[in-house]
Amino acid sequence: MAREIEGVLEAALYASDLDAAELFYGTVLGLERIARHDNRHIFFRCGQTVVLIFNPAETVKPAPAGSLPVPAHGAGGAGHLCFRVSSYALDAMVARLSSAGIAIEADFRWPGGARSIYFRDPAGNSLECAEPKLWNL
């Protein structure tokens, strides 16, 4: 059977305060900002994936005439995103988050031995950093 889907190209989360999101994802997590469009969205590079942060109040609006025909979309409430972090870098991530005043909600090992840490972004999205072996990757 052919596998047309090769992986996840982008993942989206929603935050009404893009300034706080930009500070958190760019400074605290250290992701590279690709683009920001006013108060509508901000995009970050994350390895071979792009993390999209949309303002939900803006992305429900239809695209203006003459712009790219991306349909209105969005979500309400907090989402979840898991970042791939090697086992040797997890302690450094915990230290980075702690020094920025970000609470670690959980730090544990799954039954298969992979370690995960959970924390929240300023919009309340649940974020996780996990070893790739969580999914045998």
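Biologist: What is the order of the strands in the open sheet, and how do they pair?

Modeller: Two strands count as paired if DSSP finds at least two bridges between them, and strands are DSSP runs (E, at least two residues) numbered from the N terminus. In this predicted model, the open sheet has four strands in the order 5-8-7-6, with mixed pairing. Residues are numbered from 1 along each chain as its sequence is written. Because the model is predicted, local features need pLDDT of at least 70, side-chain atom pairs count only at pLDDT 80 or more, and totals for chains, interfaces and linings use all residues, while side-chain values use heavy atoms, with hydrogens and water left out.

Biologist: Which strands stand at the edges?

Modeller: Strand 5 and strand 6 (106-109) do; each has a single partner strand, so one side of each is left without a neighbour in the sheet. From one strand to the next, the twist averages 20°, where axes are lines fitted to C-alpha atoms and angles run from 0 to 180 degrees between N-to-C directions.

Biologist: In which sense do strand 7 and strand 8 pair?

Modeller: Strand 7 (residues 115-120) and strand 8 (residues 126-130) pair in the antiparallel sense over five bridges. As an example, Ser116 has Ala130 in strand 8 as its bridge partner.

Biologist: How much space lies in the largest pocket?

Modeller: On a 1 Å grid over the protein atoms alone, a pocket is an open set of points where a 1.4 Å probe fits, with protein on both sides within 12 Å along at least five of seven lines; lining residues have an atom within 4 Å of a point. A volume is the space filled by probe spheres set on the points, which are joined across faces, edges and corners. Here the largest pocket holds about 620 Å³. Its lining has 17 residues, and the closest to the centre are Thr49, Cys82, Phe83, Arg84 and Leu137. Strand 5 gives the most to this lining, with four residues.

Biologist: How much space lies in the second largest pocket?

Modeller: About 380 Å³ lies there. Of its 15 lining residues, the closest to the centre are His37, Arg40, His41, Ala63 and Val70.
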